[in-house]
Amino acid sequence: MTDQAVPSEPVPAVAREVFGPALPQAERYVELLATAGVERGLIGPREVGRLWERHVINCAVLSEAVAEGASVVDIGSGAGLPGLVLAIARPDLDVTLLEPLLRRTTFLNEAVEELGVKNVTVRRGRAEEVVREFAVDVVTARAVAPLDRLARWGLPLLRPGGELLALKGERAATELDEAEAVLRKMGVRTAELLLVGQGKVDPPTTLVRLVAERPPERGGSKSKQRKGHRSRHD
């Protein structure tokens, strides 16, 4: 990757609290977003001055809701938000970045290589195409689709009792109400709003948390357990 500019936004003090020893990786990632990410159309130029608070810290606090050692699939990873940020902040996690577009998976593979993040696999594809490959603890997503559609994509990737964590904005409660009937049909036993990052981001990050009561339909043969599987799909 080439760097033609650097972000003007200073590193916020809370970044050290959130990322700990991985802060240098997070700083380099922000630089990549502000340069190659903008050049390749993954990040808007106007976002460069607010990458830390609006995007990176906002995603990193998702780690408060993820159990230690969990296997994670991030749907529609784009430039790595929230999946790559989560992997940087939580090296104990096993994270797959699932993204259908080649230019985005190219960026993600290059970023993972440059940052030296060891707990990440980049997988090109759509959720509905890979349901037989995964049975993970957590599915994450940010600004991918309305909640009812996201549930159809994400729940089949979970093991029984797994969680879908969707980063949502001010319409989170409305989306949850509108999707209630669909979620009930899909066997969701818990559907709730969570606030994470209180005291770290303002406003706190809003999550919709869905827990499946039964294994969703997975489209055929038994899925293999993702946790501990480390082969890279390019």
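**Figure 1. The largest nonpolar core of the predicted model comprises 52 residues.** Within this core, Phe19 and Leu84 touch the most other members. Two or more residues each are contributed by helices H1 (14–19), H2 (23–39), H3, H4 and H5 (102–115), and by strands S2 (94–99), S3 and S5. Helix H2 supplies the largest share, with eight residues. Apart from this core lies another, of 27 residues, which includes Ile75, Leu150, Leu157 and Val188.

**Figure 2. Close-up of the surroundings of Leu84, a member of the largest nonpolar core.** With residues up to four places away in sequence left aside, Leu84 touches Tyr29, Leu97, Ala111, Val112, Leu115, Val117 and Val120.

**Figure 3. Leu81 occupies the loop between strand S1 and helix H4 (83–89).** Leu81 has a relative accessible area of 9% and is therefore classed as buried. Not counting residues up to four places away in sequence, its contacts are Tyr29, Ile43, His55, Cys59, Asp74 and Arg142. Leu81 and Arg142 are 61 residues apart along the chain, yet their C-alpha atoms are separated by 7.0 Å.

**Figure 4. Seven strands form an open sheet with mixed pairing.** The strand order is S3-S2-S1-S4-S5-S7-S6. Strand S3 (120–124) and strand S6 (188–196) are the edge strands, each pairing on one side only. From one strand to the next, the twist averages 20°.

**Figure 5. Strands S5 and S7 run antiparallel within the sheet.** Strand S5 spans residues 158–168 and strand S7 spans residues 205–212, and six bridges join them. In this pair, Leu164 stands opposite Leu210 of S7.

**Figure 6. Helix H3 (residues 51–60) lies across strands S4 (136–142), S5 and S7.** The helix runs at about 165° to S4. Eight of the ten residues of H3 are buried, so that the helix is mostly covered. The buried residues are Leu51, Trp52, His55, Val56, Ile57, Asn58, Cys59 and Ala60. Helices H1, H2 and H4 are among the elements that cover them, as are strands S4, S5 and S7.

**Figure 7. Helix H6 (residues 147–154) packs on the sheet.** Helix H6 touches strand S1 (71–75) as well as S4, S5 and S7, and its direction makes about 145° with that of S5. Leu147, Leu150, Ala151 and Gly154 are the buried residues of H6. These residues lie on the same side of H6, because they cover an arc of only 105° around the axis. The buried residues of H6 pack against strands S1, S4, S5 and S7, and also against helix H7 (172–178) and helix H8 (180–185). One of them, Leu150, belongs to the core of 27 residues.

Figure 8. Of the 234 residues in the chain, 54% are buried. The chain exposes about 10,800 Å², of which carbon and sulfur atoms supply 48%. Among contacts between residues at least 6 apart in sequence, 72% join residues at least 24 apart.

Key. Residues are numbered from 1 along each chain as its sequence is written. This is a predicted model: local features need pLDDT of at least 70, side-chain atom pairs count only at pLDDT 80 or more; totals for chains, interfaces and linings use all residues. Side-chain values use heavy atoms; hydrogens and water are left out. Two strands pair if DSSP finds at least two bridges between them. Helices (H or I, at least four residues) and strands (E, at least two) are DSSP runs, numbered from the N terminus. Axes are lines fitted to C-alpha atoms, for helices over the stretch in contact, and angles run from 0 to 180 degrees between N-to-C directions. Contact means heavy atoms within 4.5 Å. Buried means under 20% relative accessible area, exposed over 50%, partly exposed in between (1.4 Å probe, protein chains only). Accessible areas come from the Shrake-Rupley method with a 1.4 Å probe; for residues, only the protein chains shown count as cover. The arc is that of the directions from the helix axis to the C-beta atoms. A nonpolar core is a set of buried Ala, Val, Leu, Ile, Met, Phe, Trp, Tyr and Cys residues joined through side-chain atoms within 4.5 Å.
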